[in-house]
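I opened this entry to record what I looked up in the model, one topic at a time. The sequence and structure come first, and my notes follow.

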Amino acid sequence: MILVTGGAGFIGSHIVDKLIENNYDVIILDNLTTGNKNNINPKAEFVNADIRNKDLDEKINFKDVEVVIHQAAQINVRNSVENPVYDADVNILGTINILEMMRKYDINKIIFASSGGAVYGEPNYLPVDENHPINPLSPYGLSKYVGEEYIQLYNRLYGTEYAILRYSNVYGERQDPRGEAGVISIFIDKMLKNQRPIIFGDGNQTRDFVYVGDVAKANLMALNWKNEVVNIGTGKETSVNELYKVIANELNYNNKPIYDKPREGEVYRIFLDVKKAQNLGWVPDVDLKEGIKKVINWMRNALK
Ligand SMILES: O=c1ccn([C@@H]2O[C@H](COP(=O)(O)OP(=O)(O)O[C@H]3O[C@H](CO)[C@H](O)[C@H](O)[C@H]3O)[C@@H](O)[C@H]2O)c(=O)[nH]1
């Protein structure tokens, strides 16, 4: 049995679907603050609870759990700046609570969603590999990194195995354009409604956009990775202006974007070195254009 925390969320629900496709038994733990009931795979068992709950083992039969895939988190970077206590509570104490349940019930493996976009800070060199210095620029980046460190500490103290996946900018179906970020879903949503998207700054800032299905695939492969910290991205750099063009082109949208002042405190250029993931056998299957088409199809139906 595999426990997926945050399994009703954007990335977690795609992981659950892939696990079920591959005949794994899955329990979802989600408190539905940002997760959505509609994302829940009916073949999974669902427990509505908070990762910080000290009596989680009264709700979940941890004796059956062999691996925890820990995706539940406070994921909003800007909210973490406004409310660092809440961010640390969910992302640090929540992670420790999950690790304690694992210790109590001898669960030997955790796969953890970390952030390649947030832990490295402003890159000293590009692409950013796993050995790049850690210099988070937000409480969120720090809380994700502290989660990583606790997981490594539990490995030293109790031998708990881990795979820490540092995602780049993940996009895909079920990323809510009204919720936390996701420039791709925001641009598609606006263009479909014939509104003009806003580009913050000059639009030459770059990101590494990775499709959610490929991230789910990495999590399944990580079931066999032992004590690795791995960047998960495409290794390709795309500017926000380029992204705008690709989406506008797919949608035959002819309006120009509105340029606004740059968003404070965000990095200008970042993309990940993904050689390590490749050496472990993972490569992304879906390129940006194809992924954007998938999101457009999904959003057209979701908006009906
Ligand atoms: O309407 C928008 C939204 C975003 N952007 C720009 O697009 C780029 C990407 O922005 P996102 O908000 O999609 O993502 P971030 O790069 O800010 O990444 C942060 O938000 C992500 C959510 O997808 C992840 O949580 C990630 O770890 C975290 O660093 C940024 O340069 C941003 O300024 C715009 O120009 N217009």
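For what follows I take a polar contact to be a pair of N or O atoms within 3.5 Å, where within protein one atom must be able to donate a hydrogen and the other to accept it, and where residues adjacent in sequence count only if both atoms are side-chain atoms. I note that this is a predicted model, in which local features need pLDDT of at least 70 and side-chain atom pairs count only at pLDDT 80 or more, while totals for chains, interfaces and linings use all residues. Residues are numbered from 1 along each chain as its sequence is written, and side-chain values use heavy atoms, with hydrogens and water left out.

**D57.** I looked up D57 and found this residue in helix α2 (residues 56-59); helices here are DSSP runs of H or I with at least four residues, strands are runs of E with at least two, and both are numbered from the N terminus. The side chains of D57 and Y105 are joined by a polar contact of 2.7 Å. Setting aside residues up to four places away in sequence, D57 touches F62, M101, K104 and Y105, with contact meaning heavy atoms within 4.5 Å.

The protein chain is divided into domain 1 (2-170 + 209-232) and domain 2 (174-207 + 236-272 + 286-303), with bounds that come from an automatic or database domain assignment. I noted that their C-alpha centres lie 25 Å apart, and that the contact takes 29 residues from domain 1 and 22 residues from domain 2.

Which residues of the largest nonpolar core touch the most other members? They are L19, L165, Y167, I184, I188, I232 and I247, out of 55 residues in that core. A nonpolar core is a set of buried Ala, Val, Leu, Ile, Met, Phe, Trp, Tyr and Cys residues joined through side-chain atoms within 4.5 Å; buried means under 20% relative accessible area, exposed over 50%, and partly exposed in between, with a 1.4 Å probe and protein chains only. Both domain 1 and domain 2 give residues to this core, so it lies between them. A second, separate core has 27 residues, including L99, M101, M102 and F112.

**S168.** I placed S168 in the loop between β6 (161-167) and β7 (169-171). S168 counts as buried because its relative accessibility is 10%. Its side chain reaches the backbone oxygen of D208 at 2.8 Å, and, leaving aside neighbours within four places in sequence, S168 is in contact with D208, V210, I232, G233 and L272.

**Ligand.** Of the 21 residues around the ligand, V183, I198, R207, R263 and E266 come nearest, where being near requires a heavy atom within 4 Å. α3 (77-82), α6 (183-192) and β8 (198-200) each supply at least two residues of this shell. I found a backbone N or O atom of V183 at 2.8 Å from an oxygen atom of the ligand, and a polar side-chain atom of S115 at 3.0 Å from an oxygen atom of the ligand. A polar backbone atom of F200 is 3.0 Å from an oxygen atom of the ligand. Taken alone the ligand exposes 680 Å², of which the protein buries 91%, by the Shrake-Rupley method with a 1.4 Å probe.
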